[in-house]
Amino acid sequence: MTMQSKNSPAPILEVRGCTISLQGERVLNDLSFSVAEGEFLSVLGPSGCGKTTLLRFIAGLQPADSGQLLKYGQDITPAPPDRRGVGIVFQNYALFENMTALKNVAYALRFHKETKGHETELARELLCRVGLENELNKLPSQLSGGQQQRVAIARTLVLSPDIILFDEPMAALDAETRLLMQDEIKRLQREFSATILYVTHDQEEAFAMSDRIMVMGPEGLHQLDTPDALISRPADDYVRRFVGDNLRRRAANLSRCVAGGQL
Ligand SMILES: Nc1ncnc2c1ncn2[C@@H]1O[C@H](COP(=O)(O)OP(=O)(O)O)[C@@H](O)[C@H]1O
Ligand SMILES: [Mg+2]
C-alpha cells in the first residue's frame, strides 16, 4: 500500500514514524518526512536534537525502536549500509590517515564487484572532478580542511549513491572555505543530479543552499518547507523566532555592507 497518488512518483526517500532512543533517552519521536528526487533538503536544528542520529538511521548505522525507511516506495529498513545506495559524508570526514587521497577513494570500492580492476581509474576521475588532480598522492595530513572534505565527497560520489547525506560538513572549515565549499557542493549536486540531505545548525547555510528546510527543535520536527514559506508562513513561534533571527542577521550584514561602502 502506498499513500502516493497515481500521478506522483514515490519519493526517493521516505522516513515513516521513526522513533529512536539512545540509552533510555528518546532522541527521535515518530518522525516522518520524505525527500524528493534531485532535492537539496537541509535538516536544521540545535546541537543534540537528533540530526546525526537521523542520518545514521538512514545510512543503516543506527536501528530504530520503530519506524520504516522507504526508497522509491520500497522498505529498506533492514538493508545493510552498503546495500542502500545511500552515501554519507561524516562531520570529521573519517579519512584513513595512512592512505593517500587516491587510495582513500579507491578503497571505498573494495567490495564492489562491478568496478573490480577499475578502482584506481575511477578514484582518479572523481578526485579530478572535485578539483584535486594535483593532490592524488598526498596524505590527509598534507591537505587543507577543504581539500580533505573534497576527498570525503569524492569517496562518497565514487559509489554512485542515489542520495548523499552530509553531516555538518562545514563545521571544521574557516568562513572563506565554507563559502567556497557551499558553491562546490551545489555545483556537484547539479553535475551529478544528486539528491542531498544536508544536516547543519547554521541557518544562513541552510537558507543559502536548500530547496526545502526541515526545522527541528529539542522536541522534534517543527516545519518542513521552502525557505520562502518558512519566512512567510512560519508554523509556530519557534520557527518564527528562528527565521526572525535569520532575517535580522541578513539585515545587519546588509547595513554593514552599506556602511562600508560595498553597496
Ligand atoms: N551513542 C550515544 N549514546 C547515548 N546517547 C547518545 C549517543 N549519541 C548521541 N546521544 C544523545 O542523543 C541526542 C541526539 O544526538 P545527535 O543525534 O548526535 O544530535 P545532533 O547531531 O543534532 O547534535 C543527544 O542528546 C546526545 O547526547
Ligand atoms: Mg550531530
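At the start of helix H5, a side-chain oxygen of Asp 174 comes to within 3.2 Å of the backbone nitrogen of Glu 176. This is a polar contact, defined as a pair of N or O atoms within 3.5 Å; within protein, one must be able to donate a hydrogen and the other to accept it, and residues adjacent in sequence count only if both atoms are side-chain atoms. The model is predicted, so local features need pLDDT of at least 70 and side-chain atom pairs count only at pLDDT 80 or more, while totals for chains, interfaces and linings use all residues. Residues are numbered from 1 along each chain as its sequence is written, chains are lettered from A and ligands numbered from 1 in the order in which they are written, and side-chain values use heavy atoms, with hydrogens and water left out.

Helices (H or I, at least four residues) and strands (E, at least two) are DSSP runs, numbered from the N terminus. H5 has 18 residues, and the distance from its first C-alpha to its last is 26 Å, close to the 26 Å expected at 1.5 Å a residue; the expected span is 1.5 Å times one less than the number of residues. After H5 comes Ser 193, with a positive phi near 45°.

The buried residues of H5 are Thr 177, Met 181, Gln 182, Glu 184, Ile 185, Lys 186, Leu 188 and Gln 189. Here buried means under 20% relative accessible area, exposed over 50%, and partly exposed in between (1.4 Å probe, protein chains only). These residues pack against strands S3 (40-44), S7 (163-167) and S8 (195-200), and against helices H3 (119-129), H4 (145-157) and H6 (203-209).

Within H5 (residues 175-192), Gln 189 has a relative accessible area of 8% and is therefore buried. Its side chain reaches the backbone oxygen of Gly 38 at 3.2 Å. Contact means heavy atoms within 4.5 Å; not counting residues up to four places away in sequence, Gln 189 touches Gly 38, Glu 39, Phe 40, Ala 194 and Ile 196.

In H4, 11 of the 13 residues are buried, among them Gln 148, Arg 150, Ile 153 and Leu 157. The cover over these buried residues includes strand S6 (86-89), helix H2 (101-107), H3, S7 and H5. The end C-alpha atoms of H4 are 18 Å apart, in agreement with the 18 Å that its 13 residues should span at 1.5 Å a residue.

Ligand 1 is surrounded by Leu 22, Gln 23, Val 27, Pro 46, Ser 47, Gly 48, Cys 49, Gly 50, Lys 51, Thr 52 and Thr 53, where a residue is near a molecule if one of its heavy atoms lies within 4 Å of it. The largest share of this shell, 3 residues, comes from helix H1 (residues 51-59). Oxygen atoms of ligand 1 lie 2.7 Å from a backbone N or O atom of Gly 48, 3.3 Å from a polar backbone atom of Cys 49 and 2.5 Å from a polar side-chain atom of Thr 53. Taken alone, ligand 1 exposes 560 Å², of which the protein buries 57%.

Ile 231 is located in helix H7 (residues 227-232). With a relative accessible area of 33%, Ile 231 is partly exposed. Leaving aside neighbours within four places in sequence, Ile 231 is in contact with Phe 207, Val 243 and Leu 247. The C-alpha atoms of Ile 231 and Gly 244, 13 residues apart along the chain, are separated by 7.9 Å.

Methods. Areas by Shrake-Rupley, 256 points an atom, 1.4 Å probe, with all protein chains shown as cover.
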